[in-house]
Amino acid sequence: AVPFDYAALESFLRRSEHVVAKLPGVNDAMHVRLPPTLAPAEAARDDAPADAFVFDSGAVVLWGMTWEQERALIDVVRGFARGEPSARAPRSLLSRLFASAPVLAGPEPAVVAKAEQTEAMDWVYRTDGNRTSELRRDVIRVARADEQSDDEVLDRLAFSYALMQTVKLAHVEEQVDTTLDAMRGMSVQLARTGRANFISYVQLNQHIGQVMQLREFNLDSDIVETPDYFWEDSAREEMYQRLHRELEITPRSAMLNRKLSLTQESLQNVNAVIVNVHSTRLEANILYFVAFEACLSAAHLFGFLPEGGLKLLLVDLLYGSGG
């Protein structure tokens, strides 16, 4: 994950007429809302939000925006990713955010974006008068709240934490699949030829290092731990946990670890083959030198080589007789 330059991004969004709010008890995400005067009329009529939760770890969860708005906002926040070539988002990108575009009837899907990894999930407002948001049949059902209350925003934040985790995990899954595809031919080559000459020792160590890096996702608290926010808001933790289970984040993490463990074991087996080949070659070379020295000593002992003949013979072998 590439974290954002959070303070600079917040400052830029505030200067560009976004409504940026720090929610109570939330230290790792900011709530960004488009002003009503800039939101499409269709969305305003349906009371659908056009807002996003920007997480400091490098993920963005967008609610109720058109596709054009989503892409524009993602381009803006990407300009503030640490390590990116552009340290500031050009203001021309901002104009795209407010370009008029057709809006589908009803709320737009909740979209999660992290770099080029994107996931989408359907959501609707509850129409049965129930004041509790829930997940039912793969659809997030959000309970409406009074304008003066943050309940609806906090409900969507609870779901957004799980969506943030699934997109970060999907990013790791994509990296793992790409790495495994690059390594898949090793076992086939080894089984076919019985030799490990298809890869150098340096390349093998690079692959081992890549697998070790990928396993570090287990140390990423944004993926493997329940967000600290729910220590302050345990009432909404069930919303998060319900979507967390639906997205199978824990089983997917376990599957990733199994894949990486098997890959690491395979690489260690190839490494053992290469080390064994090198050891065998070294032992053979030592035996050749010992045998050669024994032959020379025997020749000298039985008079086949005069005094100094061994030195002359070695010079001949190394530099040629010179005629």
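Trainee: How many bridges join β8 to β9?
Mentor: Three bridges join β8 to strand β9, residues 139-142, and the two run antiparallel. Strands pair here if DSSP finds at least two bridges between them. The strands themselves are DSSP runs of E with at least two residues, helices are runs of H or I with at least four residues, and both are numbered from the N terminus.

Trainee: Which residue is the bridge partner of Leu135 in β9?
Mentor: Ile140 is the bridge partner of Leu135.

Trainee: Before we go on, what am I looking at here?
Mentor: This is a predicted model, where local features need pLDDT of at least 70, side-chain atom pairs count only at pLDDT 80 or more, and totals for chains, interfaces and linings use all residues. Residues are numbered from 1 along each chain as its sequence is written, and side-chain values use heavy atoms, with hydrogens and water left out.

Trainee: Thanks. What is the strand order in the open sheet?
Mentor: The order is β7-β9-β8, three strands with mixed pairing. β7 (123-125) and β8 (134-136) stand at the edges with a single partner strand each, so one side of each has no neighbour in the sheet. From one strand to the next, the twist averages 30°.

Trainee: Which helix lies across β7, β8 and β9?
Mentor: That's α5, which runs at about 160° to β9. Axes are lines fitted to C-alpha atoms, for helices over the stretch in contact (heavy atoms within 4.5 Å). The angles run from 0 to 180 degrees between N-to-C directions.

Trainee: How many residues does α5 have?
Mentor: α5 has 33 residues and reaches 49 Å from its first C-alpha to its last, close to the 48 Å expected at 1.5 Å a residue. That expected span is 1.5 Å times one less than the number of residues.

Trainee: And how many of its residues are buried?
Mentor: α5 is mostly covered, with 25 of its 33 residues buried. Buried means under 20% relative accessible area, exposed means over 50%, and partly exposed is in between, using a 1.4 Å probe and protein chains only.

Trainee: Let's take Thr179 in α5. Is Thr179 buried or exposed?
Mentor: Thr179 is buried, at a relative accessible area of 13%. Leaving aside residues up to four places away in sequence, Thr179 touches Gln210 and Leu214.

Trainee: Switching to charges: how many salt bridges does the structure hold?
Mentor: There are 20. Each is a side-chain nitrogen of Lys or Arg within 4 Å of a carboxyl oxygen of Asp or Glu.

Trainee: Which residue forms a salt bridge with Lys168?
Mentor: Asp220 does, with the closest N and O atoms 3.2 Å apart. The pair links distant parts of the chain, with Lys168 in helix α5 and Asp220 in the loop between α7 (201-214) and α8 (221-224), 52 residues apart. Lys168 counts as buried, at 3% relative accessibility.

Trainee: Then which residue forms a salt bridge with Asp177?
Mentor: Lys259, with the closest N and O atoms 3.5 Å apart. Asp177 lies in α5 and Lys259 in α11, so this pair ties together parts 82 residues apart in sequence. Asp177 is partly exposed at 36% relative accessibility, and Lys259 is partly exposed at 32%.

Trainee: Last topic, rings. How many aromatic pairs are found in the whole structure?
Mentor: Eight. Rings of Phe, Tyr and Trp (its six-membered ring) pair if their centres lie within 6.5 Å; planes under 30 degrees apart count as stacked, over 60 as edge-to-face and the rest as tilted. Phe12 and Phe80 form a tilted pair, 5.4 Å centre to centre with 45° between the planes. Phe12 lies in helix α1 (residues 6-15), and Phe80 in the loop between α3 (67-78) and α4 (91-97), 68 residues apart. Phe80 is buried, with a relative accessible area of 1%.

Trainee: Which residues do ring pairs link into a cluster?
Mentor: Phe55, Tyr161, Tyr229, Phe230 and Tyr240.
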